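Here is a short note for a colleague who has the coordinates open. Please read it alongside the display.

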Amino acid sequence: MNIVKPAANIIPKWTKNGSKLLKKEKFNIERLRYDEIPAGTAVFERVTVATDFGKGCSKVLSFRDKDGKALRKVVIKEKDGKRVSKTIRNYERSKDVLFTDTKHVLTGKTTNETREIFHVKPQADGKKSLTRMKFEGKYQSDGSRLETQVYEDLAPKKVSCEKLKTTAKRLKNGQVIDKTISGDSEIVARVKDDPYLYIRNYGKKDFIRSVSLLAKKYQDVADVAGRLKIQKINGLSHGYYQSFSKTIAIDPHKSGKADLVDTLNHEYRHKWQYKLISKYLGGLLNIFKKDKSVLSKKEKQLAPKLLKADIFYCPPMFSYEKYHANLLEKDARAAGQKAYDEYVENSKKLADLLGVPKSMTFVDGMNEKTAEFIKDAPKVDAGIFNVASE
Ligand SMILES: [Zn+2]
């Protein structure tokens with residue numbers, strides 16, 4: 001074994017787990033060769049540690065601002081001269097909140113992503129409370145993601161106090177399965193039926209895919225084939241439904257999460273309207289068949305009105321007023337609004353129960369931040385930070 005005899009104060013010792021400090025360097029940031037330096041960097045340091053009794057090596061790169069506060073840390077692990085993994089941790093601060101996000105990259109692919117949000121709040125007794133919210137995603141080779149969300153108080157209590165913890169597996173198509181929930185029994189009881197509990201922290205595209213599955217169920221169109229397109233839409237519209245191709249398109253950039261819930265339910269309601277109309281027309285054609293009662297009483301009343309509204313449909317570019325007043329639109333707006341209200345209400349309830357500050361509102365705020373981070377991770381990959389090799 002490659003053990004160096006300790007010469008006190010000159011050569012550092014190997015620790016029990018086989019690591020040893022090799023170098024500690026401070027760099028002039030103007031002369032850095034790194035592609036991406038966080039804004040506000042004043043100090044850059046690199047610590048090199050030999051690991052595994054010399055077989056491996058870890059480099060810790062730290063970027064700090066002028067007050068010495070960390071902006072980014074990168075840990076690169078090598079073994080037998082080859083890079084094994086890279087972990088990038090970014091820090092972001094606002095008045096009372098510290099955001100950190102970590103990406104763990106193994107052989108060029110992001111395998112783990114963690115976003116943590118720490119919230120510091122002064123207490124009446126002068127002490128400070130510390131709350132942590134954490135979302136962790138572990139990417140599997142089949143494209144699914146194992147997820148953990150934790151909401152906990154870290155201080156003033158010495159032992160961490162878990163208010164709420166969820167785990168789940170998110171499939172590629174947005175379906176969330178294998179859900180578990182634990183924590184404070186009162187909080188759990190009050191949020192366990194919240195349909196958005198597992199997906200609020202998602203990036204917008206992931207969020208759309210998952211909400212789309214929910215909206216299909218809500219609007220009773222899970223049995224109708226069709227496509228969902230997530231794309232840029234020109235003009236003012238946030239989304240549309242094309243009845244002949246049964247395609248729903250939605251623009252992720254135009255709205256926040258609550259609005260996305262609204263738009264998706266709105267568009268799926270349009271889909272339902274056409275399902276109802278074609279059922280109604282089919283019923284008229286099959287007038288001599290015995291079973292004519294596929295539609296409920298309410299649907300029987302609504303169907304001819306929707307059909308008429310479809311015949312007289314006026315696109316917004318011709319007359320916005322007529323478009324707005326059309327029954328198809330009125331009916332779809334009501335469906336969208338109902339889902340929107342449910343989402344917002346559930347979000348507020350969750351924020352309340354967890355004592356989340358306004359700056360992290362669940363409707364769009366904090367989760368937007370998390371969302372921006374947790375998105376299509378395997379694709380963003382190693383390019384985040386190209387460290388020049390020496
Ligand atoms: Zn519409």
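Predicted model: local features only at pLDDT ≥ 70, side-chain atom pairs only at ≥ 80, totals over all residues.

1. Main core. The largest nonpolar core has 30 residues, and the members that touch the most others are Val-211, Ala-215 and Leu-264. Two or more residues each come from helix H2 (204–218), strand S14 (247–250), helix H3 (257–285), helix H4 (297–311) and helix H6 (327–354). H2 gives the largest share, six residues.

2. Contacts of Ala-215. Setting aside neighbours within four places in sequence, Ala-215 is in contact with Leu-264, Asn-265, Tyr-268 and Ala-339.

3. Second core. A separate core of seven residues is also present; among its members are Met-133, Tyr-151, Leu-350 and Leu-354.

4. H3 against H6, geometry. The axes of H3 and H6 lie 7 Å apart, and the two helices pack at an angle of about 140°. With angles over 145 degrees counted as roughly antiparallel, H3 and H6 are therefore classed as oblique to each other. The crossing of H3 past H6 is right-handed.

5. H3 against H6, residues. On the H3 side the contact is made by Ala-258, Val-261, Asp-262, Thr-263, Asn-265, His-266, Arg-269, His-270 and Gln-273. H6 contributes Leu-328, Asp-331, Ala-332, Arg-333, Ala-335, Gly-336, Gln-337, Ala-339, Tyr-340, Tyr-343 and Val-344. Sorted by class, the contact of H3 with H6 has nine nonpolar, seven polar and four charged residues.

6. H3 against H4. Here the axes come within 9 Å and cross at roughly 105°, which means that H3 is roughly perpendicular to H4. Gln-273, Leu-276, Ile-277 and Tyr-280 of H3 meet Glu-299, Leu-302, Ala-303, Pro-304, Leu-306, Leu-307 and Asp-310 of H4. The residues of the contact of H3 with H4 comprise eight nonpolar, one polar and two charged. Gln-273 is listed in the contact of H3 with H6 and also in that of H3 with H4.

7. Gly-81. Is Gly-81 buried or exposed? Gly-81 sits in the loop between strand S4 (70–79) and strand S5 (82–93). Gly-81 counts as exposed because it has 8 C-beta neighbours inside 10 Å, and the cut-off for exposed is 12 or fewer. From Gly-81 to Lys-55 the C-alpha to C-alpha distance is 8.3 Å, although the two are 26 residues apart in sequence.

Conventions
Residues numbered from 1 in each chain as written. Core = buried A, V, L, I, M, F, W, Y, C linked by C-beta atoms within 7 Å. Buried ≥ 20, exposed ≤ 12 C-beta atoms within 10 Å, placed from the backbone. Helix = DSSP H or I, 4+ residues; strand = E, 2+ residues; numbered from the N terminus. Contact = placed C-beta atoms within 7 Å. Axes fitted to C-alpha atoms, helices over the stretch in contact; angles between N-to-C directions. Parallel < 35°, antiparallel > 145°, perpendicular 65-115°, else oblique. Left-handed = near helix turned anticlockwise from the far one by under 90°. Nonpolar A, V, L, I, M, F, W, Y, C, P; charged D, E, K, R; others polar.
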